[in-house]
Amino acid sequence: MKNIIIILFCCSVFIVRGYAADARTAPKTGAAAPAGVPVYKNPRFSPEKRAQDLLARMTVEEKFGQLQQLDGDWDGPYKKEDLELARKGQLGSTLNVRFAKNVNELQKEAVEHSRLGIPLLFGFDVIHGFRTIFPIPLGEAAQWDPQLAERSAAAAASEAYASGLKWTFAPMVDIARDPRWGRIAEGSGEDPYLGSALAVARVRGFQGADYGAPGKIMACAKHWVGYGAAEAGRDYNETNISENALRNIYYPPFKAAADAGAATFMSAFNDLNGVPASANRVTLDGVLRGEWKFSGFVVSDYNSVKELVSHGLASDEEDAAVKALSAGVDMEMVSTLYRDKGPAALKAGKISAAALNASVRRVLEAKFRAGIFEHPYIAPELETTSLRTLGTLALAEHAALESLVLLKNAGGLLPLDPATKRIAVIGALADSKLDMMGSWSGDGKAADAVTLLEAIKETVSPKTKVVYAAGCPVTGGTDEGMDAAVAAASKADVIIVAAGETADMSGEAASRAFLSLPGRQQELIDRLKKTGKPVVAVLFNGRPLELGPLDAEVPAIMEAWYPGTVGARAVALALFGGANPGGKLPVTFPRSVGQVPIYYNHRSPGRPYSAADKYTSKYLDSPVDPLYPFGYGLSYSSFTLSGLSVSPASIEPDGSVKVQVTVENISTKAGDEVVQLYIRDAAGSETRPVRELKGFKRVTLAPGEKRTLEFELGPEELGYYYAGGFFEVEPGIFKVYAAASSVGGLETSFEVNAK
Ligand code: BGC
């Protein structure tokens, strides 16, 4: 009895002192919790204190339960067995369970019927929209407009929140240099600078300043790390990445996401230099937590803990659980090895109590920060008032417009006259709702989507006759179908052909060994060209394609990616001059798959390409340069750059220079230009890329308008990581380029003095 009294006394002192210490973080309004309410249930305490208190009350099984995430059904319901797990406190989170009815029912078991009442965290892949689908992330990257990406992510978050979610598995920030890899569609392309800017924008958009606020959801930077470097572009394949490339190319967008406050990270599927990412102590414990001080939690990828056995890292399932948890993977997605093998492994001393507690604490702290202890349920009426609002649809259309990249416009064929008498719209993709949304299209409904054909009909003059023929599906097709399309097209004044890939040809498990237009599409285009009518190609695709044959045949090509629910309207608007395309490629488009991997920020060989010299870096059967370089894109306007200047001419290694350049719209049409700033560190203790993007600005200029833009280059832009993970600005000459793409432009230089 005496002991009990002492313990109670200590607890009450702790509560009183803790309360006082946390007064700053206490909500400004609301009554104090009634006496006897445990610390963890009292929002006046900090997340850290609440987690500490709760942890001390948990059994081993409940602790492993918090680290378990299970899948619901793809369309939103939970699995019946989850009710019991939630009741027993053996479930921490779900993915795919969504909508008020499902979420609230399952949450009730956890909150009202489990011993400790710990709420579940409901996660989902909100990648480019929830119900209103925005352009795929690669298309968003083509906007070169992080503020717009932030607004798009915020809109997606509010729809997801309204459907009971509090966590998205996004942003996907994997750098990808190989278009064979289908998941290139989900990221920001090949560049770490652009990728970092978008990582920050998306984290901010999803989370806002406080992810516990209504309408905000937790972000998850994925897939940590190196997943985008899958060998041969084959999904899930091994990756072998030098420390230099990891630190200078692959890590930066993750670091940016962590610095922006991303609540969680996801450990990747891939084997990285011999140790799978989901049990990689160097990257998880060493870099992420050790160097970067990331304090959120890490969730595994789908089954990736169990897959440590097939990788050959773990000898059996228990070993897999031990290795993943000990390396710092806190929550296990879908496989159940922590739950099934963890308690015995803990008893046997294979998992340390400290590692287990640290993981549980991180998950609990995130749940406290997310506010779900106080607000575990979602109001069902939000689903009817907050999805697909006019504002979100308008934003999605604007986002699609900014993502368009005009790849070719010979003779100024575009924009077309909306009063053209007869237009033939050809291609199965022109009449496909599903394919407008792309992969990972959240809870988007094909029925909501607008097709290109519908959008063209809405846009042209009422007197215009629009005829449609599929010609051939994306794969397969018959001679009769092709003949019918050619017949329809030959009577038209202009032909708009939609070509590319179906939505499921990119995304996860959608690698391709060839990058040409699939099926008979090129043959169809050859035949359309032979009609002698002008042909405009609109591309729907999630990766760079081999477009050489298309480029050789048609005068105008518009890259539309997968533009989302209402994105086709933006495409039609741009085709008929209601808007002016101004996006730029966030990834290099190769001439052929044989050039892959190809990216602008490569290093220089000792024998750089020279047409005149055989013994230089080249192919016998292909040019070395890409078809369309990184950063490339046209517009209906024309721009010039002038007056590039850098000052001062020399700086100390910790100094910075100001760069100025003037951009002018020399055409008669208002339009957007993306001014890009690149550097080259001319010589260093390790060789540096021939160009590195270090700044960009998308500006809208009226006809004849001129604007002088200013950029700053300081240690963050000028330094790099060299062997051993040291970051330094090295003395020597830095070249500076201001350009409209990664090729050409204006050039100047400055010097960094020796220390
Ligand atoms: C993907 C992740 C995704 C997860 C949950 C995995 O297959 O690699 O990106 O978040 O599934 O859907």
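In this predicted model, the axes of helix α4 (residues 80-87) and helix α5 (residues 100-113) come within 8 Å and cross at roughly 20°. Axes are lines fitted to C-alpha atoms, for helices over the stretch in contact, and angles run from 0 to 180 degrees between N-to-C directions. Helix α4 is therefore roughly parallel to α5, a term used for angles under 35 degrees. The crossing of the two helices is right-handed, that is, the near helix is turned clockwise from the far one by less than a right angle. On the α4 side the contact (heavy atoms within 4.5 Å) is made by D82, L83, A86 and R87, and on the α5 side by E105, L106, E109, A110 and H113. By class, four nonpolar, one polar and four charged residues take part; Ala, Val, Leu, Ile, Met, Phe, Trp, Tyr, Cys and Pro count as nonpolar, Asp, Glu, Lys and Arg as charged, and the others, Gly among them, as polar. Helices (H or I, at least four residues) and strands (E, at least two) are DSSP runs, numbered from the N terminus.

Residues are numbered from 1 along each chain as its sequence is written. Local features need pLDDT of at least 70 and side-chain atom pairs count only at pLDDT 80 or more, while totals for chains, interfaces and linings use all residues; side-chain values use heavy atoms, with hydrogens and water left out.

Five cavities of 30 Å³ or more are present in the structure. On a 1 Å grid over the protein atoms alone, a cavity is a set of points where a 1.4 Å probe fits but cannot get out, and a pocket is an open set with protein on both sides within 12 Å along at least five of seven lines; lining residues have an atom within 4 Å of a point. The largest cavity has a volume of about 80 Å³. Its lining comprises 13 residues, with Q66, G89, S114, L116 and I118 nearest the centre, and divides into seven nonpolar, four polar and two charged residues. The second largest pocket has a volume of about 820 Å³. Of its 26 lining residues, Y599, H602, V624, D625 and V690 lie nearest the centre; the lining has 15 nonpolar, six polar and five charged residues.

Most residues other than glycine have a negative phi, and most peptide bonds are trans. The bond from K222 to H223 is cis, with omega near 0°, and H223 lies in strand β5 (residues 220-224). V596 and P597 are also joined by a cis peptide bond, with omega about -5°; P597 is in the loop between α22 (567-575) and β17 (639-647). A232, a residue other than glycine, has a positive phi near 60° and is located in the loop between β5 and α9 (243-250).

Conventions: Parallel < 35°, antiparallel > 145°, perpendicular 65-115°, else oblique. Points joined across faces, edges and corners; volume = space filled by probe spheres on them.
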